[in-house]
Amino acid sequence: MQRVLLRTLGSILLGFGCVWLLLMGYLAMTPQRRDPYLEILPRVEEDFFEGNVNGAVNILHSDGSPSVQYTQMVRVMSSSVDTLHEYLTAKLNLINRLIEKDEDKTSIQGHLYDVLREGREQLSHMVTGMKKLQESDGFHTWRQKTSRDLGALVQRRLQFLQNPEDCAKAKKIVCTLDKECGFGCQMHHLVYCLATAYETERTLILNSKGWRYASDGWETVFRPLSNTCTDDSGSSRAKWGGTNHRNDTQVIDLPILDIVKPLPRSLPLAVPEDILRDLRLVHGNPAVWWVGQLARYLFRLQPKTRNYISGAARKLNFHGIVVGVHIRRTDKITTKEATRHELDEYMSFVEDYQQMTQFSRPAHLPRVYLATDDPDVVAEARRKYPQYRFLNDLSTSKSASEETRYSEASLLGIIMDTYFLSRTNFLVCTFSSQACIRINADTSH
Ligand SMILES: Nc1nc2c(ncn2[C@@H]2O[C@H](COP(=O)(O)OP(=O)(O)OP(=O)(O)O)[C@@H](O)[C@H]2O)c(=O)[nH]1
Ligand SMILES: [Mg+2]
């Protein structure tokens with residue numbers, strides 16, 4: 001019952017969040033003033049959470065009855081959702097009437113700003129309340145442990161698959177790292193190869209000599225996919241044909257996803273059936289978690305890559321609460337592959353995050369890890385947003401230019417950016433770049 005309520009509250013909050021974000025797009029700065037409609041908004045007051053913010057709320061008394069604190073919290077959350085709904089309806093109707101009457105633009109903007117400010121503040125309180133309620137069900141530790149255990153299980157299985165005792169007899173599936181695209185896209189290619197290897201219970205052999213990012217191959221920066229079996233030879237060999245992986249053919253060559261026929265069963269959103277039940281209990285998007293686990297196995301760093309990242313972490317002072325922003329420019333925009341989004345659009349999400357979390361983390365201006373292939377974006381960010389601290393290694397952004405992108409230095413740069421972005425508390429990026437999608441999968445476990 002309480003979970004149904006939480007889920008319902010979550011959907012309502014999300015709905016309001018969307019309305020509020022839509023409104024954001026239309027506004028320019030106007031002076032602040034008191035909103036008379038505020039009277040109808042009861043607050044999820046700060047002192048209500050006092051003493052609870054760092055500790056879990058008790059749901060039950062020892063006699064099995066619900067605690068007063070928990071019951072009140074549910075009621076306040078529920079009524080603040082209702083009243084926020086009433087407030088938004090009243091204000092939006094008012095704004096609509098003002099527009100119909102052709103009222104002065106400044107007055108309309110004033111009301112829109114009220115909605116934004118109040119909506120944002122109220123939502124930030126409600127998000128904190130929601131988090132407390134979610135944590136209070138007592139399963140937090142269980143979820144964390146189960147998630148860790150499932151991750152370890154999958155990694156053990158991949159280790160087993162990738163390290164056969166006798167490589168000369170092992171069934172293999174071969175992938176080549178020669179897809180003509182960037183790092184993000186190539187990593188998706190590898191994830192698809194490893195998922196297919198898992199599905200077919202074959203060891204994945206990676207041919208990466210002559211890789212466009214590092215001619216010596218994968219192991220220049222990442223650990224080998226196997227300690228016992230990296231040789232693609234075998235007694236019989238065939239191209240992927242959909243069923244031949246089930247027979248005795250020892251080596252199967254897997255083409256790139258764009259031309260593979262028939263499609264492997266393991267393509268997203270597939271998840272191994274035997275872990276799905278538990279996974280659903282600990283993760284909202286099992287398919288993303290699963291891809292994250294495959295990526296985790298693939299992207300085990302060589303010690304020198306690890307040292308490079310540790311050095312950068314010290315230099316950039318990467319710690320604490322950090323918001324990640326990935327801004328893809330250069331060829332993505334010049335070839336009109338995707339729409340250009342201005343820095344301000346990204347930063348408005350950073351500001352929202354800061355506003356939404358300020359209640360649970362008072363007076364904390366987040367630092368922003370800014371990854372981009374355009375150094376001008378970094379200069380613009382520092383000029384326009386002096387109140388934020390931007391973490392960025394300019395030489396990395398410079399090396400991501402189209403001229404120098406396919407080099408070892410640039411490779412270390414994109415690995416470092418992916419690594420740091422995956423460790424941020426909140427990520428702003430566009431799904432028109434596979435670099436961003438890659439990071440999302442990495443973040444999810
Ligand atoms: N260091 C660094 N390099 C970047 C960044 N953004 C893009 N790049 C470089 O540009 C390449 C972009 O190619 P992909 O990884 O395929 O991603 P995409 O071109 O955005 O997306 P698709 O073309 O749809 O696959 C990356 O692999 C990097 O080499 C960034 O933020 N940091
Ligand atoms: Mg590309």
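An oxygen atom of ligand 1 is placed 3.5 Å from an N or O atom in the side chain of Glu337, a polar contact being a pair of N or O atoms within 3.5 Å, where, within protein, one must be able to donate a hydrogen and the other to accept it, and residues adjacent in sequence count only if both atoms are side-chain atoms. The model is predicted, so that local features need pLDDT of at least 70 and side-chain atom pairs count only at pLDDT 80 or more, whereas totals for chains, interfaces and linings use all residues. Residues are numbered from 1 along each chain as its sequence is written, chains are lettered from A and ligands numbered from 1 in the order in which they are written, and side-chain values use heavy atoms, with hydrogens and water left out.

Oxygen atoms of ligand 1 also lie 2.8 Å from a polar side-chain atom of Tyr213 and 2.7 Å from a polar side-chain atom of Ser433. Of the 620 Å² of accessible area that ligand 1 has on its own, the protein covers 92% (Shrake-Rupley method, 1.4 Å probe; for residues, only the protein chains shown count as cover). Around the ligand stand 22 residues, of which Phe183, Gly184, Arg328, Asp417 and Ser433 come nearest (a residue is near if one of its heavy atoms lies within 4 Å). At least two residues of this shell are supplied by each of α6, β6 (367–372), α14 (408–422) and α15 (434–443), helices (H or I, at least four residues) and strands (E, at least two) being DSSP runs numbered from the N terminus.

Helix α6 (residues 183–200) also holds Gln186, which counts as buried at 0% relative accessibility (buried is under 20% relative accessible area, exposed over 50%, and partly exposed in between, with a 1.4 Å probe and protein chains only). Neighbours within four places in sequence aside, Gln186 is in contact with Leu177, Lys179, Cys181, Trp211, Arg212 and Tyr213, contact meaning heavy atoms within 4.5 Å.

Phe139, by comparison, is found in the loop between α4 (105–135) and α5 (140–162) and is partly exposed, with a relative accessible area of 39%. Together with Trp142 and Leu281, Phe139 forms a nonpolar surface patch with about 300 Å² of accessible area.

The protein chain as a whole has 15 helices and 8 strands, and 50% of its 445 residues count as buried. Among contacts between residues at least 6 apart in sequence, 74% join residues at least 24 apart.

Terms used
Patch = residues over 30% accessible without salt bridge, like charges linked within 9 Å, V, L, I, M, F, W, Y side chains within 5 Å. Salt bridge = Lys/Arg side-chain N within 4 Å of Asp/Glu carboxyl O.
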